[in-house]
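Please look over the chain shown below before reading on. The report takes up its overall make-up and then a few selected elements.

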Amino acid sequence: MVTPELLVTPLGAGQDVGRSCLMLQMGGKTIMLDCGMHMGFQDERRYPDFSYIGEGDLTKMIDCVIITHFHLDHCGALPYLTEMVGYSGPIYMTHPTKAISPLLLEDMRKVTMEFKGDQNIFTSMMIKDCMKKVTAINLHQVIEIEPDFEIKAYYAGHVLGAAMFHVRVGERSMVYTGDYNMTPDRHLGAAWIDRCRPDLLITESTYATTIRDSKRCRERDLLRKVHDSIEKGGKVLIPVFAVGRAQELCILLETYWERMNLKVPIYFAVGLTEKANNYYKMFITWTNEKIRMTFVQRNMFDFKHIKLFDKSFADNPGPMVVFATPGMLHGGLALGLFKKWAPNETNMVIMPGYCVQGTVGHKIVNGAKRVEIDGQWIDVKLQVQYMSFSAHADAKGIMQLIQHCEPRNVMLVHGEGEKMEFLKRKIEEEFKLPVYKPANGETAVVTIQPTLVATISVNLLKRTLMTHRASEFVYDGGNEKERPIEALEPGEEDDSDFETNHDIGEARSRPVGDEDLTPTAKKPHLLRGVMVIKDENMCLLENEKACSEAGIKPHQLRFTSSAYVKAPIAVNTLLGKVHNLLSQHVKSSLLNMTGNCITINSTSILVRILDGTEAVGVKTVVVSWAYEDESLGSTIMGSLKNFTAALKT
């Protein structure tokens, strides 16, 4: 039976980069994943189209909003949603995201009003009121929003405070990555998540067709280009967002300037980046291990060679390097410096990350020699370098996350349609998983096979673990000693399916007791039992219990095998030796001797010695076991054959 369980409608970032906002319907709950703004538009298109949700009070329609990180394409429309549209329900984000988001929102608001004259935007008070509605959470903290409805945050790398979210509603689950990075950098660690096997993994695909080269090579290339430019007297503009690449590249240039003893000034934008650096100091536990370990001796964000920038410095003669916001040249100080420096061919602009379509950054990276800025055409004569220091996962990183997370379905968002299609084919080919890539406004219906839960009888589990543990070690019958499987000699067979191989002269064994039932090998074990369905509950039982439950007489299929002893030896002596041999496989307290027979508690195994041919010096050792004890029975039989063969000699 296959039923549609999950519905996902992108209001932004569907076959598009920017304005991330997804509506997820799962198990009767509606969840908004991110609420971003599109940096390429200046009209109503910059916000997600909330009309797809429906008319009326959004608070009644949305159970919660989750924000993955503070970049404006993921949180930029949140004040619009809460203060202008009227949503007043729960909002969740990490502590660093809650602390830094207001800085970026206020900076964006000022840039939009002062530089572009757009008054149709939320106010400073709206930003503050919006943040009051936010609940900040810790990594790995399970938040129970309602009974059987919970979320959990995981480290995503990318920027300070970025998180991937695991959402569970009843038996259904989903992981939304937001933006993440599977490679550690100079100030943040790599993304990590449990092997949670969700029904759906929604992953960004910004670099769906890219496998980046060595990070060290890119760093050397950037330092060489910056050095060459300043040696020629040029000014170098590096547009960055206030938090993330700014700190990464500041640490890189700070280290290089210190090593080379350079005196050319490096500046970063006053105010915003300075405040952001203070938050890095505050949330030092979110940084990578190297920065945390050296924090007491020296804070990596206390820069010696990087100073605050003043607008009057723009006309200073001589070379300089300036980090300025925003990162896509769509406004602010970065765009102002670009207009001033673009006509001079000795200058350089380095674009260190992805630029969405419609921004000045996107135009010059794609080769534009003239761009229109605020109604004025600017000749682009300075050198334009695109060097990806983006903190997004590349195609290899996305595949690594899918392999580790083991989802049942994959959805690609936050990427370009054609590149998504390429990655979609790769995922389907390698992982044999259904892959979705809905466009904005399109609802993807993700079908999930229903989960069937069955309990297991404790007695059946004990019996299975005991017989498997008895098969996990090798017993040398001649020397009466144990040695691990790893010690098999070349040419011997690793009997990983727990079946005895009589030809190699060895059999698997290990003494096992009730207190020693945990398998050492991380491999699946075969349970032989009967599935019983009663009152809509399923339970796997041992055969005897199942027959009792059903009120029927049990029937048993048994295997019998014999080994022959031709050496002159008394029955009692042979019985004692067989007992000693069996004690190498199971604990001695589990063995019972009655006459010429030995039985093993909790199993169907029976060992008998037939004495009918004693006159000619031949005795028969018969081993009998039921089907459910095949693994241990055949193992014991193999050891007995080796043992009896040794007696002949």
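## The chain and its confidence

The structure is a predicted model, and its chain contains 17 helices and 33 strands. Of the 649 residues in the chain, 53% are buried. Among the contacts with a separation of 6 or more, 71% are between residues 24 or more positions apart.

The mean pLDDT of the chain is 83, with 85% of the residues reaching 70 or more. Over residues 472–521, however, the pLDDT is below 50, although this stretch has 120 contacts in the model beyond near neighbours in sequence.

Strand β3, which covers residues 29–33, is largely enclosed by the rest of the structure, because 5 of its 5 residues are buried. The burial applies to both faces of β3, with Lys29, Ile31 and Leu33 on one side and Thr30 and Met32 on the other.

On the antiparallel side of its pairing, β3 is joined by 5 bridges to strand β2, residues 21–26, and Gln25 stands opposite Thr30 in β3. β2 and β3 form a hairpin with 2 residues between them, and Gly27 in the turn has a positive phi of about 55 degrees. β3 is also joined to strand β4, residues 64–66, by 3 bridges, and these two strands run parallel; here Leu33 stands opposite Ile66 in β4. In general, the strands of a sheet pair through backbone hydrogen bonds, in either a parallel or an antiparallel manner.

## Helices α3 and α5

Helix α3 (residues 78–85) and helix α5 (residues 124–132) have axes that come within 9 Å and cross at roughly 95 degrees. With angles of 65 to 115 degrees counted as roughly perpendicular, the two helices α3 and α5 are therefore roughly perpendicular to each other. In their contact, Leu78, Pro79, Thr82, Glu83 and Met84 of α3 meet Met126, Ile127, Asp129, Cys130 and Met131 of α5. The residues of this contact divide into 7 nonpolar, 1 polar and 2 charged.

The buried residues of α3 are Leu78, Pro79, Tyr80, Leu81 and Thr82. Just after α3, Gly86 takes a positive phi of about 110 degrees.

## A buried residue in a loop

Asn181 lies in the loop between β10 (172–176) and β11 (200–204). Its relative accessibility is 7%, and Asn181 therefore counts as buried, the cut-off for burial being under 20%. Leaving aside neighbours within four places in sequence, Asn181 is in contact with Ala156, His158, Ala190, Ala191, Arg212, Ala391, His392 and Ala393.

## An open sheet of three strands

An open sheet is formed by 3 strands in the order β23-β28-β27, and its pairing is mixed. β23 (454–456) and β27 (530–534) stand at the edges, each with a single partner strand, so one side of each is left without a neighbour in the sheet. Neighbouring strands of this sheet are turned by 30 degrees against each other on average, with direction ignored.

Within this sheet, β23 is joined by 3 bridges to strand β28, residues 537–541, and the two run parallel. In this pairing, Thr455 stands opposite Cys539 in β28.

Notes. Residues are numbered from 1 along each chain as its sequence is written. This is a predicted model: local features need pLDDT of at least 70, side-chain atom pairs count only at pLDDT 80 or more; totals for chains, interfaces and linings use all residues. Side-chain values use heavy atoms; hydrogens and water are left out. Two strands pair if DSSP finds at least two bridges between them. Helices (H or I, at least four residues) and strands (E, at least two) are DSSP runs, numbered from the N terminus. Axes are lines fitted to C-alpha atoms, for helices over the stretch in contact, and angles run from 0 to 180 degrees between N-to-C directions. Angles under 35 degrees count as roughly parallel, over 145 as roughly antiparallel, 65 to 115 as roughly perpendicular and the rest as oblique. Contact means heavy atoms within 4.5 Å. Ala, Val, Leu, Ile, Met, Phe, Trp, Tyr, Cys and Pro count as nonpolar, Asp, Glu, Lys and Arg as charged, and the others, Gly among them, as polar. pLDDT is the predictor's confidence in each residue, from 0 to 100. Buried means under 20% relative accessible area, exposed over 50%, partly exposed in between (1.4 Å probe, protein chains only).
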